[in-house]
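Here are my notes for you, colleague to colleague. Please have the sequence and the coordinates open as you read.

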Amino acid sequence: MLPITDNRLLSFLTSEREQLIADWTVEIIVSEDDPYKEKITKNAEKMYGIILSVFSKTNEDLEEHLQKLAFMVGEERVRADINIGDFVYNVNSGRSVLYKHLHKLNMEWDEMQESINRINYCFDTFLYYAVSYYNEQKNKIIEEKNQFIDSTHKDRLTLLGQMTSSFIHEFRNPLTSIQGFIQLLRSEHEDMKYLDIISSELDQLNFRISQFLLLSKKELIGKEKSLFSLNRMIDEVLNFLYPSILDTNVRIVKEVVDDMDLYGYADEIRQVLINIIFNAIDVLSQYRDDPKIEIKGFFVNDTHIKIEISNNGPVIPDQLLKTIFEPFVTTKTLGTGLGLFVCREIIEKHKGILACSSEPDKTSFIMLLPLIKSEN
């Protein structure tokens, strides 16, 4: 048998049911586009029915009913694609309306406190399950969309690789012929002007073509790994970029330990160094009068080689720093956005890490590569 207080509350809430639901419905925020707007009142009635059962059911029984209703309503809110804040407001509006009606009773609030706590338990538990379900389903939708975007993105890269593989090879055929004729001209006319400039520009063009070819994953055909000196390679890269260094008056500070050898694809590592150093030169030429690039190389724990290429250019914004190695991300008007993406692909292929840090007057690209002995 129910206590006297519970009997009075149950009898009162039962008699006030229709009016309370009507008052609750008036307070509810509902969109005209909501496909479930006709069910909102019915859901309020179901919730009210569970609240009336607090006087006869245990918390375990209540939770089972609340969870079932919450999941159903949560699914409707997901499909309706509404602001979850509106939903929470609507549920709490029902709580407020119920409390206003309880003031009609000539009972002290302390007398009703235990029952009110159970009513609050109903509202809080319902909200918990409904919002949790809503968030889980929304996260699944977002995850599915991200997977679709990633899949589409990979398809684009695959298509780009296929296109560039055939298209760029057509560029290399005449390029190879031009380079061959330059060698002939140099042997026949040693003093002919501009041959070094033409050869250097063709090397730059060949370098850009290689960036695209790496996307097709076909650039490694016919290539073999070798043991090479990073110190010597850095010097070769600086000599290759010397015209650009001279033109922009960039000061190069090089601190690389001796006997720093790496086993891998030399042409690819050379491409990474050219790309990062050339990018630094390009940025510095537009930014300051005392441009400087620091190149440091040293061993880490006798297991890795660490190369840091730093410049005193402008700070890279945090938002851009997060996506700087993604494909098609560029700040250059005529940039492809593939340079750093290809660099990261190459370093990761060599089981290494490529990272970037930036602060005022110092932006650094850090390569960490494992020391791997040559394969016998």
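The numbered points below go from the whole chain to single residues.

1. A word on the source to begin with: this is a predicted model. The chain has 376 residues, and 41% of them count as buried. Its secondary structure comes to 12 helices and 7 strands.

2. Among contacts between residues at least 6 apart in sequence, 75% join residues at least 24 apart.

3. Do look at the largest nonpolar core, which has 42 residues. Ile269, Ile276, Ile277, Ile293, Ile309 and Met367 touch the most other members. Helices H8 (230-240), H10 (266-284) and H12 (339-349) each give two or more residues to this core, as do strands E4 (292-300), E5 (304-311), E6 (353-359) and E7 (362-370). H10 supplies the largest share, 11 residues.

4. What does isoleucine 276 contact, leaving aside its neighbours within four places in sequence? The partners are Ile309, Leu340, Cys343, Leu354, Phe365 and Met367.

5. There is also a second, separate core of 41 residues, and its members include Leu9, Val73, Leu98 and Cys122. In soluble globular proteins, nonpolar side chains tend to be buried together.

6. With 22 residues at 1.5 Å a residue, H4 should span 32 Å, and its end C-alpha atoms are 30 Å apart, so the two values agree. Buried residues in H4 are Leu62, Leu66, Leu69, Ala70, Val73, Gly74, Glu76, Arg77, Val78 and Ala80. Aspartate 81 follows H4 and has a positive phi, near 55°.

7. Not counting residues up to four places away in sequence, glutamine 137 touches Glu75 and Val78.

8. Together with Tyr194 and Ile197, Ile198 forms a nonpolar surface patch with about 330 Å² of accessible area.

How values were computed: Residues are numbered from 1 along each chain as its sequence is written. This is a predicted model: local features need pLDDT of at least 70, side-chain atom pairs count only at pLDDT 80 or more; totals for chains, interfaces and linings use all residues. Side-chain values use heavy atoms; hydrogens and water are left out. A nonpolar core is a set of buried Ala, Val, Leu, Ile, Met, Phe, Trp, Tyr and Cys residues joined through side-chain atoms within 4.5 Å. Buried means under 20% relative accessible area, exposed over 50%, partly exposed in between (1.4 Å probe, protein chains only). Helices (H or I, at least four residues) and strands (E, at least two) are DSSP runs, numbered from the N terminus. Contact means heavy atoms within 4.5 Å. The expected span of a helix is 1.5 Å times one less than its number of residues. Patches are made of residues with over 30% relative accessible area and no salt bridge: like charges are joined within 9 Å, nonpolar side chains (Val, Leu, Ile, Met, Phe, Trp, Tyr) within 5 Å. Accessible areas come from the Shrake-Rupley method with a 1.4 Å probe; for residues, only the protein chains shown count as cover. A salt bridge is a side-chain nitrogen of Lys or Arg within 4 Å of a carboxyl oxygen of Asp or Glu.
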